[in-house]
Amino acid sequence: TAAGTLISTVLIGGNCFDVTNVTSSGNPTSRGTFTNGGSNIGLDQGLVLCTGSVAVLPGPNNSGNANGGYVLTPTPDPDLAPLAGGPLYDLSKIEFDFRPTSPMVSFDFVFGSDEYCEFVGQGFNDVFGFFISGPGIPGTQNIALIPSTSTPVSIDNVSHLTNSGFFVGNSNTCGFPPTNNAECQLDGWTSVFTAVANVIPCSTYHIKLAIADVGDAAYASAVFLRANSFSAGGVANANAIYPTSAQFV
């Protein structure tokens with residue numbers, strides 16, 4: 001699915017503001033849409049970025065190493081690198097500019113991975129970030145954070161061992177049976193989090209949504225963004241159109 005379509009018709013809805021200069025990087029099959037996620041990841045439908053093909057994400061959870069990765073050489077990113085603690089592989093990202101009409105921008109997301117739980121703290125700290133820059137924001141800031149903290153979301157930072165109140169296990173490797181075996185392949189994911197940034201209305205901002213494997217190109221991770229949740233002001237209503245892609249059934 002084209003990155004511009006994912007942003008304009010899936011992520012953004014119910015608001016009226018300018019979005020321009022949409023670009024993407026990574027294998028085209030690493031981004032797409034999802035539906036039927038309400039009973040498992042807590043987001044019914046939306047946009048997804050994956051470190052492999054999005055086709056590996058639907059259940060059942062019958063693989064201990066769901067993969068779909070693409071390359072065996074590192075793919076550096078200056079914003080993700082400080083969060084990762086290791087070389088980046090299978091980088092997938094979408095970037096765009098936008099002009100908000102309210103003083104705050106926000107959207108809902110869930111991070112999940114097949115690295116859970118056996119590779120927590122083992123150097124495979126798959127990571128993602130939502131990086132925003134523009135007027136009133138010093139440098140580039142990551143707004144994909146654990147609630148009420150300045151800690152980025154990653155394998156090692158949210159798991160059955162750390163910040164476990166925000167973690168949902170879906171694998172025997174996490175110490176309990178899969179909770180959504182028939183619906184989602186990933187071995188675990190976070191609670192629904194909300195990314196928030198204070199902005200200046202009518203100014204232009206840049207945002208980058210990026211995810212990567214860390215340490216190797218194996219074991220898929222994904223970040224799911226709720227459809228129509230990118231809120232930056234305005235009053236217009238829009239209905240998202242969902243191209244055929246990953247579905248939880």
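The chat below goes through a predicted model of one protein chain.

User: What secondary structure does the protein chain come to?

Analyst: The protein chain comes to 2 helices and 12 strands, and read along the sequence these follow the pattern α-β-β-β-α-β-β-β-β-β-β-β-β-β. Of its 249 residues, 50% are buried, and among contacts between residues at least 6 apart in sequence, 76% join residues at least 24 apart.

User: How confident is the predictor, and where is confidence lowest and highest?

Analyst: The average pLDDT of the protein chain is 83, with 84% of the residues scoring at least 70. Confidence is lowest in α1, where the mean is 80, and highest in β7, at 95. Residues 235-243 have a pLDDT below 50, although in the model this stretch has 20 contacts beyond near neighbours in sequence.

User: OK, on to the sheet. In what order do the strands come?

Analyst: The open sheet is formed by 5 strands in the order β1-β4-β11-β6-β7, and the pairing is antiparallel. At the edges stand β1 (18-25) and β7 (137-142), and because each has a single partner strand, one side of each is left without a neighbour in the sheet. From one strand to the next, the twist averages 15°.

User: How many bridges are there between β6 and β7?

Analyst: Strand β6, residues 127-134, pairs with β7 over 3 bridges in the antiparallel sense, and I132 has Q141 as its bridge partner in β7.

User: And which helix packs on the sheet?

Analyst: Helix α1 (residues 3-11) does, touching β1, β4 (88-99) and β11 (205-214), with its direction at about 135° to that of β1.

User: What about F166 and F193? What kind of pair do they form?

Analyst: The pair of F166 and F193 is edge-to-face, at 5.3 Å centre to centre and with 85° between the planes. This pair also links distant parts of the chain, since F166 is in the loop between β7 and β8 (167-169) and F193 is in strand β10 (residues 193-198), 27 residues apart. F166 counts as partly exposed, at 27% relative accessibility, whereas F193 is buried, with a relative accessible area of 2%.

User: Which residues do the ring pairs link into a cluster?

Analyst: The cluster consists of F96, F98, F107, F109, F111, F128, F130, F166, F193, Y205 and F230, linked by ring pairs.

User: New topic: where does K208 lie, and what does it touch?

Analyst: K208 lies in strand β11 and is buried, with a relative accessible area of 6%, because buried means under 20%. Leaving aside residues up to four places away in sequence, K208 touches D77, D79, K93, I94, E95, G129, F130 and F131. K208 and S24 are 184 residues apart in sequence, yet their C-alpha atoms are 9.3 Å apart in space.

User: Last one, G175: buried or exposed?

Analyst: G175 counts as exposed, at 64% relative accessibility, and is found in the loop between β8 and β9 (188-190). The C-alpha atoms of G175 and H160 are separated by 8.8 Å, the two residues being 15 residues apart along the chain.

Technical notes: Residues numbered from 1 in each chain as written. Predicted model: local features only at pLDDT ≥ 70, side-chain atom pairs only at ≥ 80, totals over all residues. Heavy atoms only, no water. Pairing = 2+ DSSP bridges. Helix = DSSP H or I, 4+ residues; strand = E, 2+ residues; numbered from the N terminus. Axes fitted to C-alpha atoms, helices over the stretch in contact; angles between N-to-C directions. Contact = heavy atoms within 4.5 Å. Phe/Tyr/Trp six-rings, centres within 6.5 Å; stacked < 30°, edge-to-face > 60°. Buried < 20%, exposed > 50% of the residue type's maximum accessible area, 1.4 Å probe, protein only. pLDDT = per-residue confidence, 0-100.
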